[in-house]
Amino acid sequence: FSSAGLESRRDSYQLLNLPCHNIETEISGASAQTIVVGAHYDSVLGAPGANDNASGMAAVLALARRFAKKQLGQTLRFVAFVNEEPPYFQTSQMGSLVYASRCKAHGDQISAMISLETIGYFSDAPDSQIYPSPLLGIFYPKVGNFIGFVGNTQSRRLVRSALSSFRRAERLPSEGAAVPAFIPGVAWSDHWSFWQQGYPAIMITDTAPFRYPHYHSLADTPDKLNYDRFALVVSGLENV
């Protein structure tokens, strides 16, 4: 963030008597309405975490750099979240839940939160894409060559808006789903924390364990990522 000419701050809290830090930077716009773009910077214990979630964090940094000197309508906030992975996932110690709770307490007007979660793996192989529900497999592709826009039913307008903006900017295949949060995978990132505070939020993802064979393993290394398609995701997200 500093190398992009932005000032950053630590949003800190204590966990097991150790300090933990979310890192944020903000680009003020004409409106107090705020868009949060975030990703978690931790990886699951024992995994290098190249796709989960260095890919998402790299995209946050790239987007912050692109917007650093732009005049904006809404305020734009970029956040690196700590403690997304187990054993803190969806607990009160999850970094993004601490952050979202503080936003709500401060009265922050967050119009959208975009979580970038595992966005660097693509496959053109037949049947390379699976789904948590057979019903979803009827409506969505069986080839894992697309980027996904995922939200709960309350965030369906944000899913539609973000997906249409992405498609106007990029030809990379993209799919969107606004479905109940109880479906496995739908709530598996930092956007869940913002749902808990009533904010509209979506996840951008390559669908992680439903496509990526190296998910949460020692094999989650940088050579597994498709950087050409990964770059197209970031370019499309700039338009979003």
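Tutor: Gladly! Five bridges join β2 to strand β4 (residues 74-81), and the two run antiparallel. Strands are DSSP runs (E, at least two residues) and helices are DSSP runs (H or I, at least four), numbered from the N terminus, and two strands pair if DSSP finds at least two bridges between them. This is a predicted model, where local features need pLDDT of at least 70, side-chain atom pairs count only at pLDDT 80 or more, and totals for chains, interfaces and linings use all residues. Residues are numbered from 1 along each chain as its sequence is written, and side-chain values use heavy atoms, with hydrogens and water left out.

Student: Which residue in β4 is the bridge partner of I27?

Tutor: Look along the antiparallel pairing of β2 with β4. In β4, the partner of I27 is L76.

Student: In what sense do β1 and β2 pair?

Tutor: β1 and β2 form a hairpin with two residues between them, and L16 in the turn has a positive phi of about 55°. Y13 has C20 in β2 as its bridge partner. Over eight bridges, strand β1 (residues 8-15) and strand β2 (residues 18-27) pair in a sense that is antiparallel.

Student: Which strands stand at the edges of the sheet?

Tutor: Eight strands make an open sheet with mixed pairing, in the order β1-β2-β4-β3-β5-β8-β6-β7. Two of them each have a single partner strand, so one side of each is left without a neighbour in the sheet: these are β1 and β7 (174-178).

Student: At what angle do α4 and α6 pack?

Tutor: Helix α4 (residues 156-169) and helix α6 (residues 227-239) have axes 8 Å apart. Axes are lines fitted to C-alpha atoms, for helices over the stretch in contact, and angles run from 0 to 180 degrees between N-to-C directions. The packing angle is about 120°.

Student: Why is α4 described as oblique, and to which helix?

Tutor: Angles under 35 degrees count as roughly parallel, over 145 as roughly antiparallel, 65 to 115 as roughly perpendicular and the rest as oblique. With a packing angle of about 120°, α4 is therefore oblique to α6.
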